[in-house]
Amino acid sequence: MRERNIVALKFGGNLKNKEIAGIIDITESNVGVILYRIMKKLKTEMEREV
Amino acid sequence: MNKKSIEDKFSVDIDAYFNGIEEINEESDENYNELLEIGKSLANKDFSKSSNKEAVCNKALENIKKYKGESVMKKSNKLLLQQHPL
């Protein structure tokens, strides 16, 4: 659920990591890490579907 | 490139893309470039075209509040266990 929220806020809301961190109460650095991991997961899933 | 900096670099690059800055970095790992392209595709698509944006925003905020509440409960449960171990 947290991952969905971060994707929504980042790509839907175009928010910066600092702003997202403030909303969901984690560090800015943590937002960056989670975001990168989400992209890796997405890539894996997309490759699986091909 | 160490793992920490690649995560930071991704955030910097995607934020730059949101602001219309697109740098072509040939030194980057092919894998990294693919991830960045996925991020750019997400940024370009308006998935909410046919949806009620206000409802989606409210739902996201509701989920965030709910997650915050659960997170606070987990933290206070952890504190209780530390103070009164079974």
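Is Glu45(A) buried, partly exposed or exposed? At 39% relative accessibility, Glu45(A) counts as partly exposed. The cut-offs explain the label: buried means under 20%, exposed means over 50%, and partly exposed lies in between. This is a predicted model, and the account below starts with chain A.

## Chain A

Chain A has three helices and zero strands. Its elements run α-α-α from the N terminus on. Of its 50 residues, 38% count as buried. Take the contacts in chain A between residues at least 6 apart in sequence: 36% of them join residues at least 24 apart.

Helix α3 of chain A covers residues 28–49. Its 22 residues should span 32 Å at 1.5 Å a residue, and the end C-alpha atoms are 32 Å apart, so the two values agree. Buried residues of α3(A) include Val31(A), Val33(A), Ile34(A), Tyr36(A) and Ile38(A). Gly32(A), Leu35(A), Met39(A) and Lys43(A) are also among them.

The loop between α1 and α2 of chain A holds Asn14(A). Asn14(A) is partly exposed, at a relative accessible area of 42%. Leaving aside neighbours within four places in sequence, Asn14(A) is in contact with Leu9(A) and Phe18(B).

## Helix α2 of chain B

In chain B, helix α2 runs over residues 30–44. Its 15 residues should span 21 Å at 1.5 Å a residue; the end C-alpha atoms are 21 Å apart, so this helix agrees with expectation. Its buried residues are Tyr32(B), Leu35(B), Leu36(B), Ile38(B), Gly39(B), Lys40(B) and Leu42(B).

## The nonpolar core

The largest nonpolar core has 22 residues. Ile6(A), Ile24(A), Met39(A) and Phe10(B) have the most contacts inside it. Both chains contribute: α1 (2–12), α2 (17–24) and α3 of chain A, with α1 (3–18) and α2 of chain B, each give two or more residues. The most come from α3(A), which gives six residues.

Ile24(A) shows how the chains meet. Beyond its neighbours within four places in sequence, Ile24(A) is in contact with Arg2(A), Ile6(A), Leu9(A) and Ile64(B).

## The interface

How much area do chain B and chain A bury between them? The figure is about 2200 Å², with 67% of it on carbon and sulfur atoms. The contact takes 23 residues from chain B and 24 residues from chain A.

Polar features cross the interface too. Four residue pairs are in polar contact between chain B and chain A, counting pairs with both residues at pLDDT 80 or more. On the side of chain B that touches chain A, α1, α2 and α3 (53–83) of chain B each supply at least two residues. There α1(B) gives the most, with nine residues.

Ser11(B) sits in helix α1 of chain B. Its relative accessible area is 7%, so Ser11(B) is buried. The side chains of Ser11(B) and Asn17(A) are joined by a polar contact of 2.7 Å. Not counting residues up to four places away in sequence, Ser11(B) touches Asn17(A), Gly32(A) and Leu35(A).

## Salt bridges

The whole structure has seven salt bridges over all chains. Two of them cross the interface of chain B and chain A.

| Pair | Closest N to O |
|---|---|
| Glu34(B) and Lys43(A) | 3.0 Å |
| Lys41(A) and Glu3(A) | 3.0 Å |
| Glu45(A) and Arg48(A) | 3.3 Å |

Lys43(A), Glu47(A) and Glu34(B) form a linked network of salt bridges.

Lys41(A) forms a salt bridge with Glu3(A). This pair links distant parts of the chain: Lys41(A) lies in helix α3 of chain A and Glu3(A) in helix α1 of chain A, 38 residues apart. Lys41(A) is partly exposed at 48% relative accessibility. Glu3(A) is partly exposed at 33%.

Glu45(A) and Arg48(A) both lie in helix α3 of chain A, three residues apart, about one turn of the helix. Arg48(A) counts as exposed at 61% relative accessibility, whereas Glu45(A) is partly exposed.

Glu37(B) and Lys40(B) both lie in helix α2 of chain B, three residues apart, again about one turn of the helix. Glu37(B) is partly exposed, with a relative accessible area of 44%. Lys40(B) is buried at 8% relative accessibility.

Notes
Residues are numbered from 1 along each chain as its sequence is written. Chains are lettered from A and ligands numbered from 1 in the order in which they are written. This is a predicted model: local features need pLDDT of at least 70, side-chain atom pairs count only at pLDDT 80 or more; totals for chains, interfaces and linings use all residues. Side-chain values use heavy atoms; hydrogens and water are left out. Helices (H or I, at least four residues) and strands (E, at least two) are DSSP runs, numbered from the N terminus. The expected span of a helix is 1.5 Å times one less than its number of residues. Buried means under 20% relative accessible area, exposed over 50%, partly exposed in between (1.4 Å probe, protein chains only). A nonpolar core is a set of buried Ala, Val, Leu, Ile, Met, Phe, Trp, Tyr and Cys residues joined through side-chain atoms within 4.5 Å. Contact means heavy atoms within 4.5 Å. Buried area is the accessible area (1.4 Å probe) that two parts lose on being put together, summed over both. A salt bridge is a side-chain nitrogen of Lys or Arg within 4 Å of a carboxyl oxygen of Asp or Glu. A polar contact is a pair of N or O atoms within 3.5 Å; within protein, one must be able to donate a hydrogen and the other to accept it, and residues adjacent in sequence count only if both atoms are side-chain atoms.
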